[in-house]
Amino acid sequence: MDYIIHGARSAASEAQARNGPRQSASFTLNLFRGRFEPTQVFPFPEPLSDDQRQMLQELVPPVEKFFQEVNDPAKNDENSKIEEGTVAGLWDLGAFGLQVPGELGGLGLSNTQYARLVEVVGAHDLGVGITLGAHQSIGFKGILLFGNPQQKEHYLPRVTSGEYAAFCLTEPSSGSDAGSIKTRAVLAPDGKHFILNGSKIWISNGGIAEIMTVFAQTPIEKDGKTVDKVTAFIVERSFGGVSSGPPENKMGIKCSNTTEVYYEDVRVPVENVLGGVGNGFKVAMNILNNGRFGMAAALAGTQRAAIAQAAQHAATRVQFGKHLAEFGAVQEKLARMAMLQYATEALAYMVSGNMDSGAQDYHLEAAISKVFASDSAWTVVDEAIQILGGMGYMKATGLERVLRDLRIFRIFEGTNDILRLFVALTGIQFAGSHLQELQRAFKNPTAHLGLIFSEAGRRATAAVGLARGADLSSLVAPELRGAAAELGKLVGEHGRAVEAVLLRHGRGVVEQQCVLNRLAGAAVDAYTSAAVLSRASRAARRSLPGAAHELRLAAAWAEEALGRIPAQLAATRDARSQAHFQRLGALGRDVADQGGQLCPNPLYL
């Protein structure tokens with residue numbers, strides 16, 4: 001966590017030192033200032049050219065057919081290995097090089113095109129999805145993002161033609177705190193190689209990857225002192241000194257290869273430094289930020305498939321003389337499942353669309369998409385099992401496998417707990433930098449009248465109840481204007497809550513994780529609401545066949561999500577909530593100190 005928080009602080013601090021408070025088109029960053037920024041939300045992104053859309057229409061059907069007719073997810077799970085015929089077929093389809101440029105052997109897909117194909121995979125087999133994602137979403141993604149021309153020309157054709165890639169960051173002593181890694185790389189006396197030693201755990205594709213992006217501490221000179229900073233390296237198994245442990249026995253995604261990887265005096269050419277010595281943190285965070293939208297796309301597919309299975313059962317299963325779908329409780333379950341899937345899909349394509357349009361600030365939105373998608377998919381599949389009842393618990397339906405597969409998604413590539421803190425702390429840092437500038441402006445008001453009147457005036461009118469929030473009526477369909485008005489109002493409320501938190505806790509806000517979680521929860525609800533309002537308004541504007549249904553889904557989601565925000569914001573400041581957070585903290589410490597539940601069984605008193 002410290003590593004992620006440090007990254008949030010340093011990025012904002014460096015920008016402020018250079019140019020004053022950083023400006024951004026990010027909806028979520030500006031939400032923490034209480035400012036509604038529509039640039040990356042309205043209208044809903046439509047980044048595909050006619051040629052790209054045509055390419056998708058040609059690619060999707062054969063991929064769907066392959067997963068329906070060739071891939072066998074039950075057998076993959078049972079054997080803890082993807083069948084050889086399936087693997088060969090995936091390489092033939094080009095599934096391992098979706099975003100590699102065509103001239104280097106790949107399909108050259110945009111992020112949005114990639115999301116659509118990943119959604120197909122997520123609907124059928126998450127274990128296969130992890131094998132594909134570990135290879136390209138993170139495994140060689142650093143080469144795509146940071147590789148120099150020579151590195152790209154040397155490695156990208158190989159990762160599209162049969163050689164697996166892996167992303168090697170996690171270690172036994174470092175989970176979410178990536179800054180505590182112990183693997184080291186020291187420049188050899190010849191000055192031409194780094195000598196790499198250490199180990200990594202839980203590496204997807206770890207036992208089969210030939211090409212790895214490995215992160216290690218390297219000594220560098222800074223301000224006249226030698227300090228350790230993380231550096232990213234491209235490491236080949238063929239360098240020698242690279243070995244792997246046996247495949248891990250996992251709860252789910254069993255067919256994906258997960259192992260420990262060991263590095264013993266591996267000689268890595270200096271030409272294989274990725275992104276510059278000491279820049280490993282930047283490389284790792286950009287790889288993870290860049291790939292998270294793919295997880296949302298895959299899990300949107302998972303949810304869509306589960307909903308179809310549950311809906312078909314509800315429409316045909318008769319109990320007490322009625323089909324299950326006629327019962328209000330089942331209808332509510334299906335409605336909520338559909339709302340969650342709709343919002344997840346909206347997030348995936350909003351983030352990928354903004355990335356394709358050249359947006360630079362999308363890291364908080366990508367983090368939200370990962371958190372929301374993994375939480376939602378768990379809920380949707382769990383409810384699908386509930387609708388199927390005992391049948392859903394049986395292996396034959398496949399849902400128990402999907403639920404097992406899903407559990408890891410809330411943990412890896414940044415646990416949801418850490419990502420919520422990341423969203424809150426990064427947003428607070430952004431808002432705080434603007435507040436500091438305002439404070440400095442008041443020290444010399446004559447020279448900063450414009451800033452004072454724009455920022456302080458906005459806050460002053462809000463404080464006396466004059467602020468009306470952003471006017472979003474022109475951005476959404478008429479049926480959604482009430483929800484949009486409520487969203488605009490709550491954006492202002494979010495900014496005031498952040499300001500109050502900063503005034504109360506100052507730098508100590510880093511330790512107020514219960515407060516941070518509420519601010520992050522409100523941000524998730526605000527951003528998902530904006531996404532569905534935008535998506536449904538697009539459907540209405542274009543008179544799409546399902547527009548009326550989309551409008552109902554968006555209205556239903558916004559009604560509930562926006563309704564949660566006031567309570568979450570109130571919990572960041574009211575005395576009762578603060579006392580409850582302290583009580584929970586004390587209870588948790590007691591349980592940890594005593595190694596479990598303190599209370600004895602009542603029968604023995």
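Modeller: Rings of Phe, Tyr and Trp, the last taken by its six-membered ring, count as a pair if their centres lie within 6.5 Å. Bear in mind that this is a predicted model.

Biologist: How many aromatic pairs does the structure hold?

Modeller: Ring pairs link Phe27, Phe36, Phe42 and Tyr527 into a cluster. For the structure, the number of aromatic pairs is twelve.

Biologist: Phenylalanine 372 and tryptophan 557 form an aromatic pair; what is its geometry?

Modeller: The ring centres are 5.5 Å apart and the planes make an angle of 85°. Planes over 60 degrees apart count as edge-to-face. The pair of phenylalanine 372 and tryptophan 557 is therefore edge-to-face.

Biologist: Which helices does that pair link?

Modeller: The two residues are 185 residues apart, so the pair links distant parts of the chain. Phenylalanine 372 lies in helix 12 (residues 363-388), and tryptophan 557 lies in helix 19 (residues 547-570).

Biologist: Is tryptophan 557 buried or exposed?

Modeller: Buried means under 20% relative accessible area. Tryptophan 557 has a relative accessible area of 6%, so tryptophan 557 is buried.

Biologist: Which residue lies over the face of tryptophan 557?

Modeller: Elsewhere, the charged end of arginine 407 sits over the ring of tryptophan 378, 5.8 Å from its centre. For tryptophan 557, the distance to the ring centre is 5.3 Å, and the residue is arginine 564.

Biologist: How are helix 17 and helix 19 oriented to each other?

Modeller: Helix 17 (residues 481-505) and helix 19 pack with their axes 10 Å apart, at an angle of about 20°. The crossing is left-handed. Angles under 35 degrees count as roughly parallel, so helix 17 is roughly parallel to helix 19.

Biologist: Which residues of helix 19 meet helix 17?

Modeller: Helix 17 contributes Ala483, Glu486, Leu487, Leu490, Glu493, His494 and Ala497. On the side of helix 19 they meet Ala558, Leu562, Ile565, Pro566 and Leu569.

Biologist: What covers the buried residues of helix 5?

Modeller: In helix 5 (residues 84-93), the buried residues are Thr86, Val87, Gly89, Leu90 and Trp91. Just after helix 5, glycine 94 takes a positive phi of about 85°. The cover includes helix 3 (50-69), helix 7 (126-139), helix 9 (149-159) and strand 1 (164-168).

Biologist: What share of the protein's residues is buried?

Modeller: The secondary structure comes to 20 helices and ten strands. Of the 605 residues in the protein, the buried share is 54%.

Notes
Residues are numbered from 1 along each chain as its sequence is written. This is a predicted model: local features need pLDDT of at least 70, side-chain atom pairs count only at pLDDT 80 or more; totals for chains, interfaces and linings use all residues. Side-chain values use heavy atoms; hydrogens and water are left out. Rings of Phe, Tyr and Trp (its six-membered ring) pair if their centres lie within 6.5 Å; planes under 30 degrees apart count as stacked, over 60 as edge-to-face and the rest as tilted. Helices (H or I, at least four residues) and strands (E, at least two) are DSSP runs, numbered from the N terminus. Buried means under 20% relative accessible area, exposed over 50%, partly exposed in between (1.4 Å probe, protein chains only). A charge sits over a ring if NZ of Lys or CZ of Arg is within 6 Å of the ring centre and within 35 degrees of the ring normal. Axes are lines fitted to C-alpha atoms, for helices over the stretch in contact, and angles run from 0 to 180 degrees between N-to-C directions. Angles under 35 degrees count as roughly parallel, over 145 as roughly antiparallel, 65 to 115 as roughly perpendicular and the rest as oblique. A crossing is left-handed if the near helix is turned anticlockwise from the far one by less than a right angle, and right-handed if clockwise. Contact means heavy atoms within 4.5 Å.
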